[in-house]
Amino acid sequence: MTQRHKKPETLHSEIVAKSRLFQIEQVHLKFSNGVERQYERMKGSNRGAVMIVPIHQGNLLLASEYAGGTDNYELGFPKGLIDPGETAIEAANRELQEEIGFGSYQLTHLKELSLAPSYFSSKMHIFVAEKLYPSRLEGDEPEPIDVIPWPLSDWQLLIDNVDFSESRSVSALFLTQQYLAGSTHQLADGK
């Protein structure tokens, strides 16, 4: 990708609000054409996060867990923050074990996604997990997560499910379908 514009100059920045998870930073920018603007952005931990699409015996393994933002139980793929000193692939395997009770012998990195890049600096690594084996680690969830097997061959019906609405999970599902279409796997038949 070619960059058409020079990045704006930061004239001033300061933290204007803080919580346990985020900081809100106000940034005064000057663009190459001389226009100045104030932006606000949420700053996370900058550790990054992972989301994993687990495939086991011809099924996608989905997690049903409470989401505070929507005040609802949402259906999606296992996810979590990368711990300090941990690689993205190590975090993916740990989160699988904490949230759905499986580890993976084969984790494939598909893409790094951003979430609302105009306002949020965090990145999420999307993985496909294959060759799963039973393994459970204790996580930090306040209640057990329900694991919902969904036939991989019915992935398009999943998009219509009202509880499967998180944009990152939908993106991960499409990336997984693209990955599987380019592979020699026969996972939809459980092979």
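Student: Quick one first. What counts as a strand here?
Tutor: A strand is a DSSP run of type E, at least two residues in length. Strands are numbered from the N terminus. Keep in mind that this is a predicted model.

Student: Where is N59 found, then?
Tutor: In strand β5, which covers residues 59-67.

Student: What does N59 touch?
Tutor: Leave out residues up to four places away in sequence. N59 then touches P54, P149, W150, P151 and L152.

Student: Is N59 buried, exposed or partly exposed, and why?
Tutor: N59 has a relative accessible area of 21%. Buried means under 20% and exposed means over 50%, so N59 counts as partly exposed.

Student: How far apart are N59 and N33?
Tutor: Their C-alpha atoms are separated by 53 Å. Along the chain, N59 and N33 are 26 residues apart.

Student: Let's zoom out. How many helices and strands does the chain have?
Tutor: There are 3 helices and 10 strands.

Student: In what order do the elements run?
Tutor: Starting at the N terminus, the order is β-β-β-β-β-β-β-α-β-β-β-α-α.

Student: What does the C-alpha trace span?
Tutor: About 60 × 40 × 35 Å along its principal axes.

Student: And what share of the residues is buried?
Tutor: The chain has 191 residues, and 37% of them count as buried.

Student: Which domains does the assignment give?
Tutor: Domain 1 is 9-42, and domain 2 is 49-189. Their centres, taken over C-alpha atoms, lie 32 Å apart.

Student: How many residues are in contact between domain 1 and domain 2?
Tutor: 4 residues of domain 1 are in contact with 4 residues of domain 2.

Student: How much area is buried between the two domains?
Tutor: About 330 Å². Carbon and sulfur atoms give 59% of that area. On the side of domain 1 that touches domain 2, there are 2 nonpolar residues, 2 charged ones and no polar ones.

Student: How many salt bridges cross that interface?
Tutor: The rule finds 0 there. The count of residue pairs in polar contact between the domains is also 0, with both residues at pLDDT 80 or more.

Student: How many salt bridges does the structure hold?
Tutor: It holds 7. In one of them, the side chains of D83 and R94 meet at 3.5 Å, N to O.

Student: Which parts does that pair tie together?
Tutor: D83 lies in the loop between β7 (79-81) and α1 (88-99), and R94 lies in helix α1, so the pair ties together parts that are 11 residues apart in sequence.

Student: Are D83 and R94 buried or partly exposed?
Tutor: D83 is partly exposed, at 33% relative accessible area. R94 is buried, at 12%.

Student: What other partner does R94 have?
Tutor: E86. The side chains of R94 and E86 meet in a salt bridge of 2.8 Å, N to O. Both R94 and E86 are buried. Salt bridges with shared partners join D83, E86, R94, E95 and E98 into one network.

Student: And which residue does E166 meet in a salt bridge?
Tutor: R168. Their side chains meet at 2.4 Å, N to O. R168 is partly exposed, with 22% relative accessibility.

Methods: Residues are numbered from 1 along each chain as its sequence is written. This is a predicted model: local features need pLDDT of at least 70, side-chain atom pairs count only at pLDDT 80 or more; totals for chains, interfaces and linings use all residues. Side-chain values use heavy atoms; hydrogens and water are left out. Domain bounds come from an automatic or database domain assignment. Contact means heavy atoms within 4.5 Å. Buried area is the accessible area (1.4 Å probe) that two parts lose on being put together, summed over both. A salt bridge is a side-chain nitrogen of Lys or Arg within 4 Å of a carboxyl oxygen of Asp or Glu. A polar contact is a pair of N or O atoms within 3.5 Å; within protein, one must be able to donate a hydrogen and the other to accept it, and residues adjacent in sequence count only if both atoms are side-chain atoms. Ala, Val, Leu, Ile, Met, Phe, Trp, Tyr, Cys and Pro count as nonpolar, Asp, Glu, Lys and Arg as charged, and the others, Gly among them, as polar. Helices (H or I, at least four residues) and strands (E, at least two) are DSSP runs, numbered from the N terminus. Buried means under 20% relative accessible area, exposed over 50%, partly exposed in between (1.4 Å probe, protein chains only).
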